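Here are a few friendly notes to read with the model open beside you. Take the points in order and find each residue as you go.

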Amino acid sequence: YPSGNLAIIVTRERDQLICLVQEDELRTAKIRALFQSDGRSTCYYPNGDEWISMSTQGGQYLDQAGNRVRRWMWPNLSPGPHVPLSPIFISLNRHVGVRILAQDKIFVSFLAMGRQAKFNTGTKVQAGAASQLPPPTRLGEDELLLLAFRVRILQLFDRMRGCLNFPSSEQWNKLQPPTYLMTQAVKILELCMAADISDELRSSIRAIVNA
């Protein structure tokens with residue numbers, strides 16, 4: 001961002017690529033969107049609530065109250081009649097936008113200081129490949145909370161190291177958390193989506209890892 005805060009991260013986790021969009025904030029690295037090369041993606045409202053979620057089968061668009069506004073299926077995975085996708089465009093903030101045109105045409109655009117960068121985070125997943133995807137790991141409430149607090153504690157330790165290494169607050173406040181911590185935060189958010197827990201607990205865990 002023009003502020004110097006990291007906006008978009010593209011990293012590799014084992015056999016897949018992950019694209020993260022972070023909010024333009026000084027002290028935190030709140031996740032605004034997550035795109036994975038296995039076909040799963042999620043966009044979040046500024047308060048952390050789910051905005052858009054997509055899988056290898058299709059996707060849904062929720063309003064800020066949690067009500068489903070739109071739902072669609074990808075045509076290549078729907079042999080029968082399906083709900084088509086009408087193009088979707090959302091602005092995560094004044095610099096980052098997301099345009100969804102098809103399963104393999106999901107664009108993240110970044111505009112700042114008269115320059116633009118565009119990433120295609122979409123992927124074409126065939127029905128055979130989708131059926132071979134392993135089921136998501138399901139954890140209980142206690143395990144999810146413990147994982148979230150563990151990441152939060154590691155974040156605090158990293159910030160303490162920044163304070164010791166850079167006594168000037170203007171310097172250490174600009175330091176970004178390590179990539180492995182951001183990756184762990186993303187994994188916890190994925191596990192929350194797959195787990196059978198209340199929306200209140202899911203929001204609390206998002207708040208912990210994004211604090």
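1. Two strands count as paired if DSSP finds at least two bridges between them. Keep in mind that this is a predicted model. With that rule in hand, look at E8 and E9: four bridges join them, and the two strands run antiparallel.

2. Strands of a sheet pair through backbone hydrogen bonds, either parallel or antiparallel. Here the sheet is open, with four strands in the order E8-E9-E10-E11 and antiparallel pairing. Strand E8 (88-91) and strand E11 (115-120) are the edge strands, each pairing on one side only. From one strand to the next, the twist averages 15°.

3. Which residues of E8 are on its covered face, and which on its uncovered one? Ile-88 and Ile-90 make up the covered face, while Phe-89 and Ser-91 belong to the uncovered one.

4. Next, move to strand E9 (residues 96-102) and strand E10 (residues 105-112). These two run antiparallel and are joined by six bridges. One place to look is Ala-102, whose bridge partner in E10 is Lys-105.

5. How many aromatic pairs does a search of the whole structure find? The search finds three. One of them brings together Tyr-1 and Phe-110: the ring centres are 5.9 Å apart and the planes are at 65°, so the pair is edge-to-face. Tyr-1 lies in the segment before strand E1 (8-13) and Phe-110 in strand E10, so this pair ties together parts that are 109 residues apart in sequence. Tyr-1 is buried, with a relative accessible area of 11%, and Phe-110 also counts as buried, at 18%.

6. Trp-72 is buried, with a relative accessible area of 2%, and Trp-74 counts as buried at 2% relative accessibility.

7. For a charge over a ring, find Lys-118, which lies over the face of Phe-107 at 5.8 Å from the ring centre.

8. Is Met-182 buried or exposed? Its relative accessibility is 7%, and buried means under 20%, so Met-182 counts as buried. You will find Met-182 in helix H4 (residues 179-194). Met-182 and Gln-22 are 160 residues apart in sequence, and their C-alpha atoms are 10.0 Å apart in space.

Note on methods: Residues numbered from 1 in each chain as written. Predicted model: local features only at pLDDT ≥ 70, side-chain atom pairs only at ≥ 80, totals over all residues. Heavy atoms only, no water. Axes fitted to C-alpha atoms, helices over the stretch in contact; angles between N-to-C directions. Buried < 20%, exposed > 50% of the residue type's maximum accessible area, 1.4 Å probe, protein only. Phe/Tyr/Trp six-rings, centres within 6.5 Å; stacked < 30°, edge-to-face > 60°. Lys NZ or Arg CZ within 6 Å of the ring centre and 35° of its normal.
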